[in-house]
Amino acid sequence: MFLYIVRRIFQTIPVMIGVTLAVFLMMHLIPGDAAKIMAGENANPEQIEQMRENLGLNEPLYQQYFSFIGNAVQGDLGNSIRTSRAVTSEIFDSRFWITVQLALVGTVLAVIFGLLAGIISATRKYSFADVSLMVIALFGLSMPNFWLGIMLIYLFSVNLGWFPVAGWGTWEHMILPAITLGTAGAAIIARMTRSSMLEVMDQDYIRTAYAKGVSDKLVIYKHGLRNALIPVVTVVGLQFGTLLGGAVITETVFAVNGLGRLVIDSIRAHDFPMVQGTILVCAVLFVVVNTMVDISYRLLNKRIDLN
Amino acid sequence: MDHQPQLETMAVNPARVGNSKAIRMKSFYKKLAKNKAAMVGAFIVIVFSLLAIFAPLLAPYDPTEMQLSKKLETPSSEHWLGTDDKGRDILSRLLYGSRISLTVGILSTLLGALTGIILGVVAGYYGRWVDSLIMRICDVLLAFPGILLALAIVSVLGASTTNVIIAVAFYAIPTFARIVRGSTLTVKKLEYIDAIKAMGARDTRIIIKHILPNVLSPIIVQSTLYIASAIITASALSFLGMGTKPPTPEWGTMLAQGRSYVAQAPHITLFPGLVILLVVVGFNLFGDGLRDALDPKTKK
Amino acid sequence: MSLTKEESILEVRNLRTSFFTDEGEVKAVDGVDFSIEKGKTLGIVGESGSGKSITSLSILRLLQEPVGRIKEGEVIFKGEDLLKKSKKQMMAIRGNNISMIFQEPMTSLNPTLTCGEQIAESIRIHQKLNKKKAWEKSVEMLKLVGIPSPEKRAKQYPFELSGGMRQRVMIAISLACNPELLIADEPTTALDVTIQAQILELIKKLQEDMGTSLMIITHDLGVVAEMCDKVAVMYCGKVVEYADVKTVFTDPKHPYTIGLLNSVPKHDEDVEGDLAIITGSVPSPFNLPSGCSFAPRCPSAKEICHATLPELAETSDGDKVRCWIYTDQWEKEGEAVSRHE
């Protein structure tokens, strides 16, 4: 098991290198002169040259990449063009934590409601509750979350005045964005739990449990759910990543100053070091979370997996 | 005890009946037609396709024509779904917008699926370092959470409808590549492929005649479902101002514009969102239905 | 019936179980009668699809409703009809008075629970023992079914055990509460030939030690010869012959039983010849013949066989057979007609 964990962590190395390479190349794939775009439309040739110098664009590409990696490892992702502050401090001062908090609350909501709905559906197959929950899940999954966010604001903030329209700080600020963010995840988890549960309830060992005289409830929760949850764990991990991405939209809708809004604002301002840094941080975080999920899945699954 | 009558083998195996292609297709149609949800999905998809095709005939107004005197009007007999902040007819804009959303959804899926299929077949069929390389590239693509990959691509290429198609297609590549690679590996291991190879069949022939048909059904299912999420992603990009630019009528852009007026005129945001929801529900229902009908595991 | 009611632990009367599918009703069990004497063994023989497994699931009411449903009949266990019991009463009987062993040891154990936990579970439910006592008992059970170092094995998960070992664990689970009746549904089919004999021997030994009655479902006539006192031969959801094991092998009556026996290769005959095979195939469950289900494949079938279903009737030597040949009607009929489809 220890060996597996070590191997799994080593496996992330090529992915990490690939991610940094991709993010690094981004800036060099920009059609036209990156320095010119970043310096702004009114920049004179000296300013553009200065920008090129600052960004190290005059050096050979491989050398630029190595210094990019070298600096990144030391926690230096360059400086923001817009604010001149270090990219890492822009990210980690508060924005990173806000986004992580939002994504975590969203994931927790998604897991709670997704599991509940999935279990209710699976145990009452084809009942009214099952059909309605699955229709709701289908809609939750098919809904553009920016629209959902706006509609929630209209309903609960503008009309009912229960929650603040925008901003961040108290738990009231967090509710609507977290719902917006978690809805699709809850829908996916609900569907996954239902189908996994139904598949498990068809297994021979469930019949064995009934034949032993185990009660319906115990069969469902002790024998069924235990096995059904194993594949759901992977989905939860993937959901965290999707939510991290979804935060871009949610933060825009609710005017939350997290990483997502930072990306959007930086793209609009052609602040490429900032875009680069933020996307890199998100990708690395996602890879780390996925690795942890894989390992925990393995721990849960070791009883089944013969190898 | 080592000689037992193996009665099991004499029995009729209902699963084995209907091995021929025609019967399989027939049972597929039958299963699909019986699936009410899938039929609803297909109906929605067909209706929206027709609306998109005939938008110029159906739209009561020019979708970009502004009538500032009539801005922010609520639904009326004149403007069935009201007007937006610039006095444009929302129904007409939605009708024209369906052209963009469906085109982007379908084209990006086709582009991404095709690239993914090619990469997947190559990886699965040739194996070794080619396989490792392609799979690592897929890992890297999947490492960018959700919409961030598309955003990164659009931020490099610039905001436009074409670039949205490219960006959304990119995200589809790893999904399809992985499915196809898996099936290719399975088919490649079958003994008859070795026999065909020994007879001197070319790689391309083996791939087209023997491998691709085997991965067709998961690809069709995945494509249908991917169109659904592609439509959402594309409209999200436009909503963020990173996709189709105004004044082109696009559902995401319409939502972004209506957002500032949500207190006074919620219908501007309500309708585009509902339309996206409906189309996506249609593709999802149809995709789920296809999967159930194509999956040999599902029971009758 | 030659048996009196008091002697039999289980009596199944006119059991009918159907599956309701999109294609229509499948009469999986279509009027089955048999009984099991205390401490004795009944074998149920038939091809797959003959309804023998469904019969056993019907007895314990383990069918997946609403697709599978018992339509009518009685399952009298110690004088009481199990089909009239409440859900709760059934739960108290399952695993306690009547236990079951299934065909697939690889999939019949829960992969996320240790073997010990799975044995202890039924002990705790039915004997209300505490956790520690139940665990000790389950280790004891593992020892009883011949698993070496049972303390260690109890803590292992099913995947760590071989197929034969798992079937031993299944046996331990089923016998943990000392049931009066054990139903074994093809207990050795999925196992290696060398293991099969060991498992059968184990079941037989424990049955004798504990005085359990046994109902064994199999398609293997070798198992029947070795284990059973009585045999019910099933074809298309009906019992076609019900007799003492000796009679079945020495004087089989139903043409289907005769066909089955002839299709077994014999060790002692060195004759190189074709094995007798029952021609044709089992009719589709959706489209059963109106008369005797076996008539289309039967070499002696006459007009009446195709037209009317015979009763399961007692013959002169006390065995029961569902065939026109053994009725007075037979002589009055004309020549055999074959109607192969």
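How many residues does the contact take from chain A, and how many from chain C? In this predicted model, the contact takes 18 residues from chain A and 23 residues from chain C.

## The side of chain A that touches chain C

Two elements of chain A give two or more residues each to the side that touches chain C: helix 9, spanning 204-211, and helix 10, spanning 216-254. The largest share, seven residues, comes from helix 9 of chain A. By class, this side of chain A has seven nonpolar, six polar and five charged residues.

## The side of chain A that touches chain B

The contact of chain A with chain B takes 38 residues from chain A and 32 residues from chain B. On the chain A side, at least two residues each are supplied by helix 1 (2-29), helix 6, helix 7 (145-159), helix 10, helix 11 (259-268) and helix 12 (272-301). Helix 10 of chain A gives the most, with eight residues.

The side of chain A that touches chain B has 31 nonpolar and seven polar residues, and no charged residues. For the side of chain A that touches chain C, by comparison, five charged residues are counted.

## Architecture and confidence of chain A

The secondary structure of chain A consists of 12 helices and zero strands. The C-alpha atoms of this chain fill a box of roughly 85 × 55 × 30 Å along the principal axes. Chain A has 307 residues, of which 46% count as buried. Among contacts in chain A with a separation of 6 or more, 72% are accounted for by residues 24 or more positions apart.

The mean pLDDT of chain A is 85, and 97% of its residues reach 70 or more. Among the elements of chain A, the lowest mean pLDDT, 72, belongs to helix 2 (residues 34-39), and the highest, 92, to helix 6 (residues 128-142). Where pLDDT is low, the predicted coordinates should not be read in detail.

## The largest nonpolar core

The largest nonpolar core contains 257 residues, and those that touch the most other members are A:Ile189, A:Ile279, B:Ala150, B:Leu151, B:Val168 and C:Ala172. Helix 10 of chain A contributes the largest share of this core, 15 residues.

One of the residues named above, A:Ile279, touches A:Val23 and A:Val263 in chain A, and B:Phe144, B:Leu148 and B:Ala152 in chain B, when residues up to four places away in sequence are not counted.

## The annotated span of chain B

For residues 98-287 of chain B, an unreviewed UniProt entry lists "domain: ABC transmembrane type-1". In the model, this span is 84% helix and 0% strand, and its end C-alpha atoms lie 19 Å apart.

## Strand 3 of chain C

Strand 3 of chain C, residues 41-45, is mostly covered, with five of its five residues buried. In a regular strand the side chains alternate between the two faces of the sheet. Here both faces are covered: C:Thr41, C:Gly43 and C:Val45 are buried on one side, and C:Leu42 and C:Ile44 are buried on the other.

Strand 3 of chain C pairs in the parallel sense with strand 8 (residues 213-218) of chain C over five bridges. Within this pairing, C:Val45 stands opposite C:Thr218. Strand 3 of chain C also pairs in the parallel sense with strand 9 (residues 230-235) of chain C, over four bridges. There, C:Ile44 stands opposite C:Ala232.

Conventions
Residues numbered from 1 in each chain as written. Chains lettered and ligands numbered in written order. Predicted model: local features only at pLDDT ≥ 70, side-chain atom pairs only at ≥ 80, totals over all residues. Buried ≥ 20, exposed ≤ 12 C-beta atoms within 10 Å, placed from the backbone. Pairing = 2+ DSSP bridges. Contact = placed C-beta atoms within 7 Å. Nonpolar A, V, L, I, M, F, W, Y, C, P; charged D, E, K, R; others polar. UniProt positions renumbered as here; feature names shortened; annotations may be inferred. pLDDT = per-residue confidence, 0-100. Core = buried A, V, L, I, M, F, W, Y, C linked by C-beta atoms within 7 Å.
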